[in-house]
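This briefing looks at how two protein chains meet, and then at one residue away from that topic. Please view the structure before reading the points below.

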Amino acid sequence: MNIADTPVRDIDLENEECRVSEGLEPPPLIRSLRELGQLNPVVLLERGGRLTIVCGFRRLHATRRLGRESVPARILGEADFSPLHPLEFALRDNLATRRLEPLERARALCKLVETGLPRERIVRDYLPLLDLPPREEALQSQLLIDRACPGLRRCLAGGVLAQQSVEALAKRTPPLQERFSLLVERVRLSASLQRQVLGLLGELAARDGAPWGAPLDGKEVAAVLEDPSLSPSQKGERLHEALYRLRHPRLTRARDRFRRRERALGLPGSIRLAPHPYFETADIRVEFSAPDAARFRELAGELERAARSPGLEELFEVEGETP
Amino acid sequence: MMEYRPGEVIVEAGSWGDSATADILRNLPGVPRRTVEDAGGVSASRDTLVLARHRGKFLKQCQGSGAEMCCNYFIASYAWNCHFGCTYCVLQSYLDGSGIVVCTNIEDFLGDIGRTLAESPDRTFRIGTGELADSLALDPITGYSRRVVPFFARLPNGILELKTKSDRVANLEGLEHGGRTVVSWSMNSRRICRSEEACAATLEERLAAADRCRRWGYRIGFHFDPIVHYEGWEEEYREVVRMIFSVVDPGDVAWISLGALRFTPHLRERLIERHPGSRLPWGEFVPGHHGKLRYFRPVREEIYRKMNSWIHECAPGVLVYLCMESRLVWERSLGCGVRDARHLSDCLDAAPLCRFRS
């Protein structure tokens with residue numbers, strides 16, 4: 001085995017053909033190198049008189065950061081990797097010791113495609129290795145993620161956006177991707193809300209024949225974003241609500257009107273009136289709970305009073321919602 | 001309309017013994033054909049006509065049965081799938097990839113219906129053949145109407161509805177129908193016909209065909225289904241109502257049904273994927289009966305109320321009914337003309353046999 005102390009200046013750090021790792025200078029690694037030194041040699045490929053990195057991108061970048069001039073390296077020729085491509089070697093080396101982050105996984109697959117490896121082989125051999133189903137669509141999703149703009153990549157790495165959302169957003173133009181990544185840095189959306197918000201933006205664009213994301217410029221969304229009283233999570237919920245209103249204007253107006261009429265009845269908060277979620281029937285469910293007979297009588301009295309109110313009939317109407 | 005001319009005919013081995021097979025193939029000279037042992041596993045586009053024997057029951061209750069206001073309709077199928085490919089059609093998700101299938105044991109079809117009706121002589125059966133295929137689009141090839149219409153004329157408790165978007169009615173001329181066949185057209189606004197039903201007959205062609213059937217003594221039905229809610233829908237649908245009654249006398253009309261656009265979420269996805277230019281998926285839909293997406297109730301009520309009033313402006317006595325709607329929607333949009341599901345069924349059973357005064 002050929003392990004040599006190799007000058008860092010002799011290594012082409014710009015060649016990232018075999019790079020799998022996402023963050024190149026993680027602080028724990030720098031700390032470890034500073035305190036313990038480099039325990040394992042990096043693997044370099046010697047090709048045409050040049051040395052490129054196969055395994056050890058992070059160690060090499062951290063070494064450079066520490067100002068060290070040489071690293072222990074195992075230097076191999078192309079024949080030494082055969083029949084694998086050096087990238088496959090690097091990938092398998094990484095997988096032997098750790099689970100790849102989503103962006104690393106996407107990067108590895110994209111680079112495997114770039115090596116010219118048959119797609120069927122990538123799908124069959126590498127997707128299962130990366131905990132992905134061996135299907136072409138899964139590969140396509142990963143390639144999309146790899147093309148995501150820096151903002152989206154940041155959001156995925158930071159857990160702000162789900163992988164599925166990044167995949168959906170990566171189909172949009174880079175400015176739209178950046179815009180959405182800036183938005184989700186201000187509002188917090190659960191994975192489920194992300195899916196719903198993206199779905200609504202797609203539906204609104206198709207319905208209105210407008211550019212995707214146009215409602216984000218609207219006053220409804222601006223009002224949510226600029227409201228200082230709302231937490232990021234509340235802003236996320238309100239953002240979804242604002243978009244839902246735009247997509248379902250009649251239904252949301254009917255719901256608003258129902259709540260207004262319910263309030264006008266003056267019932268105590270412990271009595272809840274629930275219409276059919278889509279007003280498909282006129283039925284209203286009445287709910288209350290009482291800990292004892294006295295409270296029961298009290299609430300029943302409130303209902304009796306509401307039953308005499310002239311506003312009760314209006315509660316059963318969904319009229320006036322047609323243009 | 002686009003004439004159906006298959007690129008290939010697949011004949012199930014057992015079908016060669018049916019006289020219908022020879023009749024159909026005679027109408028398709030020059031079309032390549034091959035035989036398969038069992039057509040059940042055939043995977044083909046609509047360009048392929050599959051001739052096969054149907055082994056199960058032919059007569060089934062409509063899926064609306066059990067709904068609050070169900071019209072108690074029966075479906076009888078001797079063909080499956082349709083070459084018109086209307087964008088919203090449920091057959092796209094239901095029968096995709098099976099080719100267009102025509103059953104060749106038409107005698108069994110008639111036998112099944114005859115037996116079922118004979119078992120319940122006190123009950124009237126309204127039976128349509130247009131649920132899983134267009135009733136007449138393939139008739140120039142199959143000629144089945146010439147067998148089915150006279151058969152129903154002899155049934156004391158059966159009413160046949162041939163439901164179509166085609167104008168292929170030539171075979172109906174001169175048949176002894178005994179007033180027991182209603183020929184119905186699915187109607188839509190001109191805009192929707194052009195954009196979503198592009199391969200079907202035009203409005204004018206459908207109405208010209210209806211006029212011919214009327215002259216041959218058939219009662220006529222119209223189904224405004226699916227009605228699409230879009231900006232300007234009122235004027236365009238009203239125009240179609242006027243067109244109908246400029247051609248057809250109200251007394252010739254057995255019934256008119258109304259149904260607003262609805263689809264399963266899966267069909268909606270298919271529509272978006274296959275017809276990206278279609279405006280249909282972008283209405284304000286809410287989940288409804290059986291998980292189908294449909295317009296918000298007040299929108300549907302407005303559609304039905306207006307359509308009903310326009311129809312009755314032209315034809316006050318014509319029976320208008322709704323497909324798979326709740327009693328609430330019936331009452332709020334059509335008033336209380338029909339008391340309940342039983343009454344609705346009775347009205348529709350009687351409609352073909354009595355003539356409304358215009």
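The model is predicted. In it, 21 residues of chain A are in contact with 18 residues of chain B.

**Size of the interface**
- The size of an interface is often given as the accessible area lost when the parts come together.
- For chain A and chain B, the area buried between them is about 1,800 Å².
- Carbon and sulfur atoms account for 51% of that buried area.

**Pairs across the interface**
- The rule finds four salt bridges across the interface of chain A and chain B.
- A:Glu317 and B:Arg332 form a salt bridge, and their closest N and O atoms are 3.3 Å apart.

**The side of chain A that touches chain B**
- Two elements of chain A, helix H11 (191-208) and helix H14 (249-264), each give two or more residues to this side.
- By class, this side of chain A has nine nonpolar, nine charged and three polar residues.

**A proline in chain B**
- Where is B:Pro250 found? B:Pro250 is in the loop between helix H8 (233-247) and strand E12 (253-260) of chain B.
- B:Pro250 has a relative accessible area of 11%, so this residue counts as buried, the cut-off being under 20%.
- B:Pro250 and B:Val318 are 68 residues apart along the chain, and their C-alpha atoms are separated by 6.5 Å.

Notes:
Residues numbered from 1 in each chain as written. Chains lettered and ligands numbered in written order. Predicted model: local features only at pLDDT ≥ 70, side-chain atom pairs only at ≥ 80, totals over all residues. Heavy atoms only, no water. Contact = heavy atoms within 4.5 Å. Buried area = accessible area lost by both parts, 1.4 Å probe. Salt bridge = Lys/Arg side-chain N within 4 Å of Asp/Glu carboxyl O. Helix = DSSP H or I, 4+ residues; strand = E, 2+ residues; numbered from the N terminus. Nonpolar A, V, L, I, M, F, W, Y, C, P; charged D, E, K, R; others polar. Buried < 20%, exposed > 50% of the residue type's maximum accessible area, 1.4 Å probe, protein only.
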